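Student: I have a protein chain on my screen and would like to work through it step by step. Can we begin with what lies inside?

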Amino acid sequence: MATATITAIALASPLAAAQRTGATAQDFKLTDVNGKTVQLSEFRGKTVVLEWHNPGCPFVSKHYNSGNMQMTQKAARAQGAVWLTINSGAKGKQGHMTGAEAKALIAKQNIRSSNYLFDSKGLVGKAYGAKTTPHMYIIDAAGTLVYQGGIDDKPTANPADIKIARNHVLEALDEIKTGKKISTAYSRPYGCSVKYAS
């Protein structure tokens, strides 16, 4: 079972088991803000964006307070993509939220993701090698990881940089849509470290 594989990898080698671009994305199951189980493989046949999130991180705030992340989410979903926002913050650490707290944040910030998921044990984050918030991944309709890295090419917490940045996520989604090879399949992720349990 794919979820068990993720668990084993995460425990054996945290952060060394990062998903390789061009490889099949590992399946996983996580719980959303309403307590519903969401499984990655449910979305086979659709493009899926994974976004690692921590509301207390200034780099995350840069993209949410400016509306840039919501704009990117909206554009992705308008193309038929599924957007999964994942919180791997451990209990007692920055960014950790309850379902009610996450729902309030979603409403306040008008977050446009398809689902907001909890990974408080960090098993999925570690299996994917998620290092920062935000850390972005794109999985194509065939289930292949085709992009991973930063949301853009301006690794700062300054919102003014957004207007001169190349949005790697939007560019990759447009290239998928038009059948082109993804020009930037990997970029260095930037932001706050994911607040894992250990």
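Student: How many residues are in the largest nonpolar core?
Tutor: This is a predicted model, and every value here is computed from it. In soluble globular proteins, nonpolar side chains tend to be buried together. In the largest nonpolar core, the residues with the most contacts inside it are Trp-83, Met-136, Ile-138 and Val-169. The elements giving two or more residues to this core include helix H2 (58-65), helix H3 (68-78), strand S7 (136-139) and strand S8 (145-149). The number of residues in the core is 27.

Student: Which residues is Met-136 in contact with, leaving aside its neighbours within four places in sequence?
Tutor: A contact here needs heavy atoms within 4.5 Å. Among the partners of Met-136 are Val-49, Leu-50, Glu-51, Met-69 and Trp-83.

Student: Is S8 largely enclosed or open?
Tutor: A residue is buried when its relative accessible area is under 20%. Five of the five residues of S8 are buried, so the rest of the structure leaves this strand largely enclosed.

Student: Which residue of S8 is the bridge partner of Ile-139?
Tutor: S7 and S8 run antiparallel and are joined by four bridges. Their hairpin has five residues between the strands, and Gly-143 takes a positive phi near 90° there. The partner of Ile-139 in S8 is Leu-145.

Student: Which residues of H2 are buried?
Tutor: What covers the buried residues of H2 includes strand S3 (48-52), H3, strand S4 (82-87) and H4, along with strand S6 (132-133) and strand S9 (192-193). After the helix comes Gly-67, with a positive phi near 85°. The buried residues of H2 are Phe-59, Val-60, Lys-62, His-63 and Tyr-64.

Student: What do the buried residues of H3 pack against?
Tutor: In H3, the buried residues are Asn-68, Met-69, Gln-70, Thr-72, Gln-73 and Ala-76. Just after this helix, Gly-80 has a positive phi of about 95°. The buried residues of H3 pack against S3, H2, S4, H4, S7 and H6.

Student: Is Gln-70 buried or exposed?
Tutor: Gln-70 is in helix H3. Leaving aside neighbours within four places in sequence, its contacts are His-63, Tyr-64, Gln-109, Asn-110, Ile-111 and Arg-112. The limit for a buried residue is under 20% relative accessible area. Gln-70 has 10%, so the word for it is buried.

Student: What is phi of Asn-110 near?
Tutor: Asn-110 is in the loop between H4 and S5. At 41% relative accessibility, this residue counts as partly exposed. Its phi is positive although the residue is not glycine, and the value is near 55°.

Student: How many residues apart in sequence are the parts that Cys-57 and Cys-192 tie together?
Tutor: A search of the whole structure finds one disulfide. Cys-57 and Cys-192 form it, with sulfur atoms 2.2 Å apart, and both residues are buried. Cys-57 lies in the loop between S3 and H2 and Cys-192 in strand S9, so the parts tied together are apart in sequence by 135 residues.

Student: What is omega near for the peptide bond from Thr-133 to Pro-134?
Tutor: Pro-134 is placed in the loop between S6 and S7. The peptide bond from Thr-133 to Pro-134 is cis, and its omega is near -5°.

Student: What radius of gyration does the protein chain have?
Tutor: The chain has six helices and nine strands, and 50% of its 198 residues count as buried. Its C-alpha atoms fill a box of roughly 40 × 35 × 30 Å along the principal axes. A compact globule with 198 residues would have a radius of gyration near 16 Å; the value for the protein chain agrees with this, at 15 Å.

Notes: Residues numbered from 1 in each chain as written. Predicted model: local features only at pLDDT ≥ 70, side-chain atom pairs only at ≥ 80, totals over all residues. Heavy atoms only, no water. Core = buried A, V, L, I, M, F, W, Y, C linked by side-chain atoms within 4.5 Å. Buried < 20%, exposed > 50% of the residue type's maximum accessible area, 1.4 Å probe, protein only. Pairing = 2+ DSSP bridges. Disulfide = S-S within 2.5 Å. Rg over C-alpha atoms; globule rule 2.2 N^0.38 Å.
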